[in-house]
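Keep the sequence and the 3D view open while reading.

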Amino acid sequence: MRSLVLGFLAIVGLMGQGALMPQAALAQTEVDLELILLADATGSIDDDEIRFQRQGYAEAIVDPAVLSAITGNMIGRIAVAYAEWAGPGSQDMVVDWTIIDGPDSAAAFAAALTEGRPRQAYGRNAIGSALLYGKAQLETNAFQGMRKVIDLSADSAGNWGGPAITVARDEVVKAGIIINGLAVLCRSCSGRPSSYDLEAAFGELIIGGPGSFVVSAENAQSFAAAVRRKLILEIAGDVPAGRLARVTGPDRAAGLTPPAR
């Protein structure tokens, strides 16, 4: 009898400490969207391009059209994280999960993204590993989103280590997570593929889930415009016709200067 009483008291104590999983789940913050941005940091991307990519995402997240898409949703806030990926086991969370619900929180996220954190991800393409990293981050954060999205950018669809892309993609999609892509086609970049259609490869191998799509940036000048369009589509839950949204013109509004080559 004494052991039963002690066991009951132990359970009550655990409940008071919030140790039971249902209590933790109830404590999660609700958002319209959980979005992890996985940016290419493989060997074809030099340090200038790393900074350029971060700047492009920073300027896109504070754009009025992006903010309007965020606040116009049902809850009016999203949770965003920015990570860089390269070889198997080489992923780095540059800016951890942040709620964005207006200009101030967006500006804070942008400032954190451009504060000059050294790159930590190195190696050849391991897209499968990157997708599973994104899945893990979405499943262990403190938010409960109506939608969960991985957004992966790359200038190649090669996979030189870790799990196969399609195996990882299928596992991610089975978990109810959508994968969208940004195909970076800039001709001046060292990593531009010359023997295959990168957009088609994204469509066949990488993206997945209901309404998944690819946005392509034709060159460095259009990179920020592509990022902005992609964010608006993801936040609003819109789907471009044919799963491809191509951006070819320069981004005059953002004022970005492409990295010197």
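A residue counts as buried when its relative accessible area is under 20%. By that cut-off, 51% of the 261 residues of the chain are buried. The model is predicted.

**Overall make-up**

The chain has nine helices and seven strands. Contacts between residues at least 6 apart in sequence were also sorted by separation. Of these, 81% join residues at least 24 apart.

**Two contacts of helix α3**

Helix α3 spans residues 47-61, and helix α9 spans residues 223-236. The two pack at an angle of about 45°, with their axes 9 Å apart. The angle makes α3 oblique to α9. The crossing of α3 past α9 is right-handed. From α3, the contact uses Phe52, Gln53, Gly56, Tyr57, Ala60 and Ile61. From α9 come Phe223, Ala224, Val227, Arg228, Lys230 and Leu231. Eight residues of this α3 and α9 contact are nonpolar, two are polar and two are charged.

Helix α3 also packs with α5, at an angle of about 175° and with the axes 8 Å apart. Angles over 145 degrees count as roughly antiparallel, so α3 is roughly antiparallel to α5. Here Arg54, Tyr57, Ala58 and Ile61 of α3 meet Ala106, Phe109, Ala110 and Leu113 of α5. The residues of the α3 and α5 contact comprise seven nonpolar, no polar and one charged. Tyr57 and Ile61 of α3 are listed in the contact with α9 and in the contact with α5.

| Residue | Relative accessible area |
|---|---|
| Ala41 | 0% |
| Asn125 | 7% |
| Asp92 | 8% |

Ala41 sits in the loop between β1 (29-40) and α3. Its relative accessible area is 0%, so Ala41 is buried. Beyond its neighbours within four places in sequence, Ala41 is in contact with Ile50, Glu84, Trp85, Ala86, Arg119, Ala121 and Tyr122. The C-alpha atoms of Ala41 and Ser153 are separated by 9.5 Å. Along the chain, Ala41 and Ser153 are 112 residues apart.

Asp92 belongs to strand β3 (residues 91-100). With 8% relative accessibility, Asp92 counts as buried. Which residue's side chain does the side chain of Asp92 join in a polar contact of 2.6 Å? The partner is Arg117. Arg117 is also among the residues in contact with Asp92 once neighbours within four places in sequence are left aside.

Asn125 is placed in the loop between α5 (103-113) and α6 (127-140). Asn125 has 7% relative accessibility and therefore counts as buried. Its side chain makes a polar contact of 3.5 Å with the side chain of Thr42. A polar atom of the Asn125 side chain also lies 3.4 Å from the backbone oxygen of Gly158. Not counting residues up to four places away in sequence, Asn125 touches Thr42, Trp85, Ala86, Ser156, Gly158, Asn159, Trp160 and Gly161.

How values were computed
Residues numbered from 1 in each chain as written. Predicted model: local features only at pLDDT ≥ 70, side-chain atom pairs only at ≥ 80, totals over all residues. Heavy atoms only, no water. Axes fitted to C-alpha atoms, helices over the stretch in contact; angles between N-to-C directions. Helix = DSSP H or I, 4+ residues; strand = E, 2+ residues; numbered from the N terminus. Parallel < 35°, antiparallel > 145°, perpendicular 65-115°, else oblique. Left-handed = near helix turned anticlockwise from the far one by under 90°. Contact = heavy atoms within 4.5 Å. Nonpolar A, V, L, I, M, F, W, Y, C, P; charged D, E, K, R; others polar. Buried < 20%, exposed > 50% of the residue type's maximum accessible area, 1.4 Å probe, protein only. Polar contact = N/O pair within 3.5 Å; in protein donor to acceptor, adjacent residues only side chain to side chain.
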